[in-house]
Amino acid sequence: MQKIDIEQVPGGSTPPPIRVGEAAIDQAAIAQEMQYHPADSAGDAQLKAARALVVCELLRQRAGQLGLAVDEEAEIEASIAALLERELDVPEPAEADCRRFHAAHPERFSEPTRLRVRHVLLAAAPDDPKHRDGGYRLGERLIGELQEAPQRFTELAQRHSACPSRDDGGELGWLVPGQTVPELDRALQHLPKGLHGRPLASRYGWHVVSIDAREEGRELPFDEVAERVRHSLREQATRRALRHYLLALEAAIGVEGIALDDDAAGALMQ
């Protein structure tokens with residue numbers, strides 16, 4: 001039978017039945033599983049859920065072949081863990097490989113830049129041009145006032161900001177990358193200390209921003225992050241081994257109605 005991805009079935013027609021060996025995976029089970037697989041569309045979530053169920057069924061059947069399978073849900077998870085421990089061969093990374101990986105990816109093993117930030121949020125929805133324009137002009141006026149009297153930041157935050165931080169005078173504390181919305185996060189990383197000379201945009205509106213302190217990140221030497229490096233390489237090796245193992249099970253046991261993708265191991269690695 002030709003394997004067809006769920007998302008490729010046209011016109012909302014009934015997708016082909018999915019079977020793993022002699023076991024069928026019905027649409028009700030897929031619908032229940034979808035809640036654990038957020039995606040940009042219902043079709044993508046359905047496809048991810050179906051593949052996750054296929055992976056679990058392949059492992060359950062293989063565990064059964066080896067006498068490891070049981071019926072209780074929690075014990076099934078334990079039997080799958082025992083199966084993978086028994087059948088996956090994941091070599092421990094050598095120190096030389098760890099050092100090469102660390103040298104090739106210094107950004108992954110660095111302390112992030114830290115910023116101590118205050119802001120005034122002038123709320124305006126992205127699809128509201130009138131309020132966006134008004135918010136920007138108000139932000140310019142507040143920046144002008146703060147350039148004349150920096151000590152008024154707390155006062156102006158309490159009066160104008162739509163962020164709960166207004167109660168603390170606009171204080172956001174120490175921030176590292178990833179702690180604000182991406183568009184603001186990217187802009188903050190490039191700002192020097194002091195009051196920024198124009199409002200910064202985000203999906204929430206405009207931000208009058210002051211960088212009160214900046215601590216630059218630094219690359220960490222290998223000896224300080226050796227275990228993190230080993231963990232990264234071990235995880236990569238495990239993902240590769242698991243992917244090949246699942247594809248071998250797919251060929252040996254037989255899967256109909258759907259094909260595993262190159263990231264078949266992804267759900268188990270989360």
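An open sheet of three strands, in the order E2-E1-E10 with antiparallel pairing, is present in the predicted model. Strands, like helices, are DSSP runs numbered from the N terminus (H or I of at least four residues for helices, E of at least two for strands), and two strands are taken to pair if DSSP finds at least two bridges between them. The edges of this sheet are strand E2 (23-25) and strand E10 (255-256), each of which pairs on one side only. Helix H2 (residues 42-65) packs on the sheet and touches E1, E2 and E10, a contact being defined by heavy atoms within 4.5 Å. The direction of H2 makes about 20 degrees with that of E1; for such angles, axes are lines fitted to C-alpha atoms, for helices over the stretch in contact, and values run from 0 to 180 degrees between N-to-C directions. Within the sheet, strand E1 (residues 18-20) is joined to E2 by three bridges in the antiparallel sense, and Arg19 stands opposite Ala24 of E2.

Because the model is predicted, local features need pLDDT of at least 70 and side-chain atom pairs count only at pLDDT 80 or more, whereas totals for chains, interfaces and linings use all residues. Residues are numbered from 1 along each chain as its sequence is written, and side-chain values use heavy atoms, with hydrogens and water left out.

Taken as a whole, the secondary structure of the chain comprises nine helices and ten strands. Of its 270 residues, 37% count as buried, where buried denotes under 20% relative accessible area, exposed over 50%, and partly exposed in between (1.4 Å probe, protein chains only). Among contacts between residues at least 6 apart in sequence, 66% join residues at least 24 apart.

Helix H2 also contains Val55, which counts as buried because its relative accessibility is 4%. Val55 and Val255 lie 200 residues apart in sequence, yet their C-alpha atoms are 10.0 Å apart in space. For Cys56, a relative accessibility of 36% means that the residue counts as partly exposed. Cys98, by contrast, is buried, as its relative accessible area is 0%. With a disulfide defined as a pair of cysteine sulfur atoms within 2.5 Å, the count comes to zero.

Eight of the eleven residues of E8 are buried, so the strand is largely enclosed by the rest of the structure. Strand E4 (residues 114-123) pairs with E8 in the antiparallel sense over ten bridges. Within this pairing, the partner of Arg118 in E8 is Ser210, while that of Arg116 is Ala213. E4 is likewise mostly covered, with seven of its ten residues buried.

Strand E6 (residues 194-195) is joined to E8 by two bridges, with Gly194 opposite Ile211. Strand E7 (residues 200-202) is joined to E8 by three bridges, also antiparallel, and Ser202 stands opposite Gly205. E7 and E8 form a hairpin with two residues between them. The loop between E6 and E7 contains Gly197, which counts as exposed because its relative accessibility is 56%. The C-alpha atoms of Gly197 and Gly139 are separated by 9.8 Å, although these residues are 58 residues apart along the chain.

Just after H8, Gly254 takes a positive phi of about 95 degrees.
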